[in-house]
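Okay, thanks everyone, I'll keep this short. Let me put the model up and then walk you through it.

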Amino acid sequence: MSSSTVEPTLPPPDRTPEPPPREAHLARAQHHHPPADRRPRSRLAGLADLAGLVDAHALALLRATVGIVFVGFGVLKLFPSASPAEQLAVDAATKMTLGLVPETVLLLSLAALETAIGIGLIVGRRLLRPALVAFFLHMGGVFSTLVLLPDAMWQPHSPAPTMEGQYVVKNVVLVAVCLVVAANEWGRRPRPRRTAG
């Protein structure tokens with residue numbers, strides 16, 4: 001009687017079939033390009049960086065833009081008939097001063113005031129607080145034209161402002177901006193003084 005030994009058979013090695021040519025190309029592309037979370041930063045990340053930069057310098061940006069507007073309007077008043085608001089400003093200032101100050105002096109004073117406010121806002125630092133005080137006083141005079149010059153500010157038989165009235169009313173945006181700047185400036189804690197040791 002013959003005995004035969006049966007050798008154990010091992011399972012064949014796990015071989016995955018080669019992918020078709022198109023799938024192989026996609027597999028290679030995925031191997032060379034990292035997944036979406038590892039890819040180079042997208043445009044949205046660049047926009048986020050820009051937003052962060054604007055946020056970090058928001059107050060300086062607000063000050064500078066309002067300051068540029070004031071310097072521009074102030075300089076325009078130095079040249080006769082260059083500013084569209086020239087006559088309106090002179091008429092309102094004449095009423096406020098009861099006609100005691102010559103128009104030329106009023107116009108030059110307004111030009112100097114607006115230019116100085118603009119420079120103070122742009123430069124900031126020690127000039128910022130005086131510039132803000134002058135700004136709010138000036139805006140009080142600007143908005144008083146809505147009462148002092150009703151014929152020029154409001155359309156007849158209508159509560160709608162004229163073009164000149166709209167020119168005045170839009171200053172609420174500048175007031176809002178400077179309120180934000182002033183709140184930050186006066187809300188800061190004063191720096192402690194160093195005492196000589």
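Predicted model: local features only at pLDDT ≥ 70, side-chain atom pairs only at ≥ 80, totals over all residues.

Where do you find them? H6 covers residues 128-148, and H9 covers residues 171-187. Their axes come within 11 Å and cross at roughly 150°. Angles over 145 degrees count as roughly antiparallel, so H6 is roughly antiparallel to H9.

Now, which residues make the contact? On the H6 side you've got Leu128, Arg129, Leu132, Val133, Phe135, Phe136, Met139, Val142 and Phe143. Facing them from H9 are Asn171, Val172, Leu174, Val175, Cys178, Leu179, Val181, Ala182, Glu185 and Trp186. If you sort that contact by class, you get 16 nonpolar residues, one polar and two charged.

Okay, zooming out to the whole chain.

What about burial? The chain has 197 residues, and 26% of them are buried. Its accessible surface comes to about 15,100 Å², with 64% of that belonging to carbon and sulfur atoms.

Last bit, contacts along the sequence. Take the contacts with a separation of 6 or more: 65% of those are between residues 24 or more positions apart.

That's what I had, happy to go back to the model.

Methods:
Residues numbered from 1 in each chain as written. Heavy atoms only, no water. Buried < 20%, exposed > 50% of the residue type's maximum accessible area, 1.4 Å probe, protein only. Contact = heavy atoms within 4.5 Å. Areas by Shrake-Rupley, 256 points an atom, 1.4 Å probe, with all protein chains shown as cover. Axes fitted to C-alpha atoms, helices over the stretch in contact; angles between N-to-C directions. Helix = DSSP H or I, 4+ residues; strand = E, 2+ residues; numbered from the N terminus. Parallel < 35°, antiparallel > 145°, perpendicular 65-115°, else oblique. Nonpolar A, V, L, I, M, F, W, Y, C, P; charged D, E, K, R; others polar.
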